[in-house]
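Take a look at the structure below. We will walk through it step by step.

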Amino acid sequence: MNVLAGKKLLLGVTGGIAAYKSVELVRLLRKSAAEVQVVLTGAASQFVTPMTLQAVSGRPVRQDLFDPAHEAAMGHIELARWADLVLVAPASASFMARLANGFADNLLSTLCLATAAPIVLAPAMNQQMWQNAATRDNASLLVRRGVELWGPASGDQACGEVGPGRMLEPEALLSQLCSRFTQGPLAGVRVLLTAGPTREPLDPVRFIGNRSSGKMGFALARAFTGAGARVELIAGPVTLDTPAGVERVDVETAGEMEQAVMARVKGCDIFVGCAAVADYRPDAVADQKIKKNSDRMEIRLVRNADILAGVAALPDAPFTVGFAAETQDPEEYAEKKRIAKRVNMIAANLVGARQGGFERDENALTLIWDGGREQLPMTDKVSLAEKLVSLIAEHYENRHSA
Ligand code: CTP
């Protein structure tokens with residue numbers, strides 16, 4: 001049975017070029033047997049016509065707060081009560097600002113204030129606007145108040161720029177909605193996850209890095225979302241697409257990763273350190289490209305903070321899961337790390353030229369916890385991540401009864 005069948009979705013469309021994609025989104029939602037009521041802002045009607053959206057949704061589109069005909073049928077308060085979920089896609093920077101400030105100056109913002117249903121925004125805007133401090137503040141305020149942000153994705157923008165701000169594609173929003181309505185074992189749980197390598201700069205053109213592709217961490221982010229969790233992913237430099245519904249923050253160095261984690265860890269329920277974090281960074285970063293002036297050169301390295309151990313040592317530490325990438329005796333070394341870093345679970349991962357692990361699509365792991373372990377044989381990282389997430393969910397649920 002389609003999980004969206006009969007669900008009442010209020011789709012708000014605000015002004016932005018991505019508004020044209022809302023037509024396809026409505027078509028997909030209708031195909032999934034959801035009931036869709038479209039609410040269009042004035043600016044949105046510059047990009048997509050009410051007539052088109054009425055045709056695909058099968059319902060008259062609502063636009064005005066003061067519309068006697070519509071208010072006589074289903075008033076705006078009734079409409080706010082009708083919805084099982086409010087999805088605003090695309091959500092413009094201006095709409096986010098309006099919502100963050102509690103304005104009730106158009107039908108959509110009023111509905112958002114008046115509804116008890118979950119509100120989800122799919123932001124879409126120029127990358128500079130998304131990264132502007134005002135938008136960042138509005139986004140975090142809204143998230144703190146329980147509004148969900150899906151996306152934006154990074155990539156080519158209609159304005160010719162490249163960066164974060166693209167609305168998630170209609171198919172991605174659809175799959176996200178399906179998992180939103182699926183009661184997974186981790187429904188409502190907040191997961192913070194690190195993935196990929198880090199890069200420690202030596203000079204403006206060189207860095208010390210590692211072979212992590214980020215595939216395992218991204219597969220985990222996807223699997224956690226599928227289990228109903230809300231996932232924030234702190235990613236080192238990788239060339240992977242953000243899984244639908246995952247909020248992603250890109251970082252480069254171990255220091256940036258630590259900062260991003262510590263800024264978000266409060267209130268998170270599960271932390272998974274899947275990133276291959278550089279243990280050391282060059283003591284000094286040259287301002288200019290280093291020249292080959294002698295036959296030998298030395299680079300002095302200094303220790304980076306251990307993010308996983310830092311999170312596990314917090315007073316209100318989340319349930320923590322680490323990875324141990326080893327080239328030999330993975331289980332023995334992993335168990336030592338689990339105890340030393342005081343984490344709840346650790347996944348021992350054999351890495352190296354002939355094994356799975358880095359730069360591969362398959363992997364095998366042994367998940368170790370206090371008093372037990374389970375071997376997860378070599379398989380593709382997507383299936384492995386699903387298995388791992390269900391084991392983590394089981395232990396997370398039982399954490400207080402141990
Ligand atoms: N980790 C971290 N911060 C670091 C180093 C590692 O959060 N500065 C996390 C990794 O994300 C992983 C775990 O710690 O979950 C183990 O990392 P690994 O490199 O395998 O082990 P180390 O603790 O660095 O030990 P060693 O290098 O001695 O093997």
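What follows covers a sheet, a helix beside it, the cysteines and some charged pairs.

Keep in mind that this is a predicted model. Start with the sheet. It is open and built from 8 strands, in the order β12-β11-β8-β13-β16-β17-β18-β19. The pairing is mixed. At the edges lie β12 (247-250) and β19 (372-380), and each pairs on one side only. From one strand to the next, the twist averages 15°.

Strand β18 (residues 362-369) runs antiparallel to β19, and 7 bridges join them. There, E362 stands opposite D380 in β19. Helix α13 (residues 330-341) packs on this sheet, touching β16, β17, β18 and β19. The helix direction makes about 150° with that of β17.

Helix α13 also holds a charged pair. K336 and E332 form a salt bridge, 3.9 Å from N to O. They sit 4 residues apart, about one turn of the helix.

The structure holds 19 salt bridges. Helix α1 (residues 21-31) contains both R27 and E24. Their closest N and O atoms are 3.0 Å apart. Another salt bridge joins R180 to E148, at 2.8 Å. R180 is in helix α9 and E148 in strand β5, so this pair ties together parts that are 32 residues apart in sequence. R180 is partly exposed, at 28% relative accessibility, whereas E148 is buried at 14%. Elsewhere, K21, R166 and E169 are linked in a network of salt bridges.

What about disulfides? The count is 0. Take C274: its sulfur is 15 Å from the closest cysteine sulfur, in C268, so that pair is too far apart for a bond. C274 is buried, with a relative accessible area of 12%.

Methods: Residues are numbered from 1 along each chain as its sequence is written. This is a predicted model: local features need pLDDT of at least 70, side-chain atom pairs count only at pLDDT 80 or more; totals for chains, interfaces and linings use all residues. Side-chain values use heavy atoms; hydrogens and water are left out. Two strands pair if DSSP finds at least two bridges between them. Helices (H or I, at least four residues) and strands (E, at least two) are DSSP runs, numbered from the N terminus. Axes are lines fitted to C-alpha atoms, for helices over the stretch in contact, and angles run from 0 to 180 degrees between N-to-C directions. Contact means heavy atoms within 4.5 Å. A disulfide is a pair of cysteine sulfur atoms within 2.5 Å. Buried means under 20% relative accessible area, exposed over 50%, partly exposed in between (1.4 Å probe, protein chains only). A salt bridge is a side-chain nitrogen of Lys or Arg within 4 Å of a carboxyl oxygen of Asp or Glu.
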